Amino acid sequence: MATLHQRSLARLMVAPSVVLLFLWMIVPLGMTLWFSFQRYNLLMPGMEEFTGLGNYRYFLSDPGFWISLQNTLIMVGGILAITVIGGIAIAILIDQPIFGQGYVRILVIAPFFVMPTVSALVWKNMFMNPVNGLLGQVSRAFGAQPVDWLSQYPLFSIIVIVSWQWLPFATLIFLTSLQSLDSEQVEAAEMDGAGIWARFTNLTLPHMGRAITVVILIETIFLLSVFAEILVTTNGGPGYQTTTLTYLVYTQALLQFDVGGASAGGIIAVILANIVAFFLMRMIGKTLD
Amino acid sequence: MARKVTNTRKWIFTCLAWGVALLIFFPILWTILTSFKTEGDAVATPPKFLFFDWTLANYREVQARSDYFSHFMNSVIIALGSTALGLLVAIPAAWAMAFQPGKQTKNVLMWMLSTKMMPAVGVLIPIYILFQRMGLLDSRTGVLIVLMLMNLPIIIWMLYTYFREIPGEILEASRMDGASLWNEIRYVLTPMAVPGIASTMLLNIILAWNEAFWTLNLTTSRAAPLTTFIASYSSPEGLFYAKLSAASTMAIAPILIMGWFSQKQLVRGLTFGAVK
Amino acid sequence: MNMLIRSLLGACAVSALALPALAQQTTLTIATVNNGDMIRMQKLTGDFTTKHPDIRLQWVTLEENILRQRVTTDIATRGGQYDVVTIGNYEVPIWAKQNWLLPLDGLPEDYDADDLLPAVRRGLSVEDTLYAAPFYAESAMVMYRKDLAEKAGVTISESPTWGEIFTAARAMTDKSAEIYGICLRGKAGWGENMAFLSAMANSYGASWFDMDWKPQFDQPEWHDTLTDYVTIMAEAGPPGASTNGFNENLALFQQGKCGIWIDATVAASFVTDPGESQVADQVGFARFPNKEGVDNHGNWLWSWNLGIPASTTKAEAAKEFVAWATSKGYTELVAAQEGWRAAPPGTRTSLYDNPEYEKDAPFAKLTLASIDGVNTDQSSVKETPYTGGQFVSIPEFQAIGTAVGQQFAATVAGQVKPEQALTSAQQLTTREMTRAGYIK
């Protein structure tokens with residue numbers, strides 16, 4: 001009896017979150033779906049009509065659509081690669097016996113607290129600007145021609161900025177994971193004469209497997225919606241070079257005020273994101289056991 | 001048996017680690033330094049690192065131009081409010097899922113996470129119209145609810161993974177003693193769950209503080225937090241590096257300080273079940 | 001602790017007492033752009049609130065793009081968040097036709113709407129009714145460094161041709177000393193690089209659309225415009241030009257890194273401000289160039305205006321404020337506080353008739369000539385179906401202009417050839433215009 005009672009209590013406890021999230025999902029989704037079949041531009045009231053799949057055809061045929069997909073993948077993939085590899089390296093470094101470990105950790109964690117808008121503004125103006133930015137000044141000091149990061153390597157620059165924000169997160173999770181590694185095991189391996197690399201690949205890496213999955217999952221969720229950084233730095237350009245899917249939807253919604261087109265784009269983005277999510281979830285599903 | 005570490009090795013690693021840490025921290029440090037320079041010094045060639053005329057003029061100017069305190073208070077209320085509300089809803093849910101898992105629990109969790117995949121930019125206009133009808137535009141309540149919903153999946157998930165680490169045997173034991181679910185929560189598990197809740201809370205405050213899309217678009221003045229404050233400095237006329245730095249420092253300082261003081265707590269919970 | 005509680009209680013009591021008084025106040029929420037003149041106005045509003053103790057002002061200062069996005073969303077959904085909005089002359093006629101703005105009739109007697117410069121007033125009126133009051137207005141002109149020109153042995157006439165400008169820019173360039181002969185907008189955006197490029201194209205004899213709304217990027221005039229622009233930027237422009245907008249170029253010019261800068265006339269008061277500009281006493285001015293044989297100086301006309309959304313419930317108070325901020329009295333207030341040079345330019349004939357202004361502002365005559373010379377009803381030498389100078393006055397232009405601007409920014413960054421950018425521009429404009437129903 002108790003278990004039955006407890007089970008229904010448990011349901012009751014879960015219910016508020018499920019209901020709220022369901023509403024939060026279904027209301028915007030429903031409205032978006034509805035608008036995606038309408039011709040509806042905020043700037044031209046009185047022209048609303050049903051257009052069937054017109055908005056979808058329009059969005060999919062956007063000259064920037066395929067490029068934006070590609071950019072999204074490169075951006076998310078690039079940031080994941082940098083933060084995971086960089087995060088592991090830095091975590092291992094900090095995990096060594098060093099002086100002032102606590103302070104090092106404080107310095108490393110800092111970028112995680114910075115507002116995306118602020119970090120984009122700071123990087124764009126104070127570092128990447130070729131005339132007055134610090135990077136430009138440093139390269140001039142060495143007699144080199146300053147690199148104009150945001151126009152010559154725009155996507156790479158965005159990757160750098162966003163990676164800087166997410167590196168601390170990855171590092172910290174990896175560090176926690178490393179610290180739970182059984183030191184006796186490591187010592188045993190050391191005694192057996194296993195080299196550093198062998199110890200890393202056979203012991204450390206497998207141990208961190210779960211941590212890596214978690215970092216990838218959480219970051220992907222946030223990275224797919226990266227937007228402020230692009231808006232502030234490059235506005236999606238030059239050309240389409242930093243236009244991601246989210247940014248493309250933004251141009252439809254808040255530049256053209258084409259609610260119909262933006263809604264169709266939103267639905268497409270949701271579908272694509274869920275495909276990505278499906279694979280991620282399968283990956284992470286194992287972690288939950 | 002501690003590993004023997006030679007002093008040289010320790011020094012080498014110390015230097016390396018500090019080097020990397022300073023490199024990562026440098027952009028923030030540079031921003032803070034620049035905020036105390038005159039506009040001329042801010043773009044001087046070669047860059048001036050520490051030896052310049054320290055001035056508070058930029059802070060004065062920023063304060064004269066925008067009401068920092070009101071933005072700050074809004075940020076605090078929105079961040080704390082959405083976190084409190086979120087925890088209120090999330091703790092029971094995560095608790096039940098962790099200790100009374102059903103067949104669907106995992107799927108429900110996955111589904112919750114997937115609600116975060118909706119691109120906010122695409123649904124702004126429908127939500128804006130909805131908010132307008134409900135009179136929620138430029139109200140702290142409105143933003144607070146949206147941010148709560150946005151972060152709810154992450155909170156639930158984080159709490160869930162944390163609660164799962166609480167050993168089941170304790171539960172069994174207390175149940176054998178005939179403790180009701182309520183007492184079980186109150187006396188046995190709450191003390192063990194507090195650290196997890198604390199770090200979830202911290203993470204959520206950070207996420208809510210830094211959220212810049214909904215806060216910018218759903219507020220005007222009365223409810224406008226620091227993200228709106230910073231939006232008025234993004235490209236003013238003429239030389240603006242020092243003023244931008246001062247505004248940036250003012251926007252990030254509160255959360256940075258809070259983060260630093262609580263980083264141990266934050267890090268402990270920030271594993272999302274990655275560490276067993 | 002006790003102290004804190006007590007003072008908090010005290011504060012509560014005081015505010016409770018103050019509440020009835022506050023209740024009779026009208027609070028105006030004013031959305032404004034974060035540029036120098038607007039920020040100055042914020043500082044000077046004490047004058048308004050002492051005259052109108054029953055009106056309280058609440059400022060929302062935002063960066064231009066965010067402002068536009070916020071205000072447009074709000075006004076189109078009738079959100080009613082703002083009582084006064086700062087908008088450009090691009091929005092005014094479009095929004096007025098949608099009945100989103102209140103007509104500005106019944107302004108106080110001393111407002112003297114007839115004093116407004118005719119070109120500016122025309123741009124803000126629909127069927128002779130004013131829908132927004134101009135705060136300041138600008139055309140575009142050439143600003144150059146007299147010292148650098150002399151050093152390079154070149155002269156720039158008062159009404160130069162593009163050929164003259166290009167020659168001078170090349171001669172002034174000294175990249176090793178960080179002197180760039182010419183600074184032009186490169187940052188993508190309909191109000192950034194496309195404002196400049198549309199004006200330049202006008203002066204090359206190009207137009208955006210023919211009478212059937214067919215985009216004209218496949219015409220030789222646009223080809224010449226873009227190739228000349230890209231060539232001179234590569235030879236004499238600063239690094240990072242593709243992300244430079246008005247503000248970035250202003251900073252460069254003030255630091256003495258530009259030989260020539262062709263941009264909005266309002267910049268003149270900033271570059272001649274000795275407090276901010278290192279080259280204040282070396283700036284020469286000239287009209288926006290034209291191509292040899294084409295009688296067109298770009299027809300650039302922009303104004304920042306104060307309008308009142310139809311969704312406001314405080315129309316009367318809002319009107320009071322708009323009238324104050326754009327009045328002759330406000331101009332005098334600025335002059336008294338910060339000197340005549342800082343007065344908001346380009347809106348009133350009386351300002352240009354004022355000898356003191358002319359004495360203090362060496363750029364006055366040229367600014368007036370530039371604005372007076374603009375004809376936004378016929379911005380190109382070709383026949384066009386649209387109005388607007390450096391923009392096309394249709395709602396779709398924001399998006400189209402920005403998308404085309406991205407293509408052109410990519411050419412400055414050296415990643416795309418001008419021919420290729422023009423082809424993409426032609427395609428995407430055709431696509432959007434077809435969707436919007438202009439092209440049948």
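Mentor: Gladly! Let us begin with domains, whose bounds here come from an automatic or database domain assignment. In chain C, domain 1 takes in 26-138 + 302-360, while domain 2 takes in 140-300 + 375-435. Their C-alpha centres are 27 Å apart. Keep in mind that this is a predicted model, where local features need pLDDT of at least 70, side-chain atom pairs count only at pLDDT 80 or more, and totals for chains, interfaces and linings use all residues. Residues are numbered from 1 along each chain as its sequence is written, with chains lettered from A and ligands numbered from 1 in the order in which they are written.

Trainee: How many residues of domain 1 of chain C are in contact with domain 2 of chain C?

Mentor: Two residues are in contact if their C-beta atoms, placed from the backbone, lie within 7 Å. By that rule, 13 residues of domain 1 of chain C meet 13 residues of domain 2 of chain C. On the domain 1 side, α5 (91-97) and β6 (132-138) of chain C are the elements giving two or more residues. Such labels are DSSP runs numbered from the N terminus: helices are H or I, at least four residues, and strands are E, at least two. That side of domain 1 of chain C divides into seven nonpolar, three polar and three charged residues. Here Ala, Val, Leu, Ile, Met, Phe, Trp, Tyr, Cys and Pro count as nonpolar, Asp, Glu, Lys and Arg as charged, and the others, Gly among them, as polar.

Trainee: In what order do the five strands of the open sheet in chain C stand?

Mentor: Strands pair if DSSP finds at least two bridges between them. The five-strand open sheet of chain C has the order β2-β1-β3-β11-β6, with mixed pairing. At its edges are β2 (55-62) and β6 of chain C, each with a single partner strand, so one side of each has no neighbour in the sheet. Within this sheet, β1 (residues 26-33) and β3 (residues 84-88) of chain C run parallel and are joined by two bridges. Ile30(C) has Val84(C) in β3(C) as its bridge partner.

Trainee: Which helix lies across β1, β2 and β3 of chain C?

Mentor: That is α4 (residues 64-76) of chain C, running at about 130° to β1(C). For such angles, axes are lines fitted to C-alpha atoms, for helices over the stretch in contact, and the angles run from 0 to 180 degrees between N-to-C directions.

Trainee: What is the strand order in the open sheet of four strands?

Mentor: In that sheet of chain C the order is β8-β9-β7-β10, again with mixed pairing. β8 (180-183) and β10 (283-287) of chain C are the edge strands, each with a single partner, so one side of each lacks a neighbour in the sheet. Five bridges link β7 (residues 140-145) and β9 (residues 258-264) of chain C in the antiparallel sense. One of the bridge pairs is Tyr144(C) with Ile260(C) in β9(C). Helix α11 (residues 246-254) of chain C lies across β7, β8 and β9 of chain C, at about 145° to β9(C).

Trainee: Is chain A compact or spread out?

Mentor: The radius of gyration is taken over C-alpha atoms, and the globule rule is 2.2 Å times the number of residues to the power 0.38. Chain A has 13 helices and two strands. Its radius of gyration is 24 Å, well over the 19 Å the rule gives for 289 residues, so chain A is more spread out than a compact globule. Chain B has 13 helices and zero strands.

Trainee: How many residues of chain A are in contact with chain B?

Mentor: 86 residues of chain A are in contact with 78 residues of chain B. Helix α1 (residues 2-36) of chain A gives the largest share of the chain A side, 18 residues. That side divides into 63 nonpolar, 19 polar and four charged residues.
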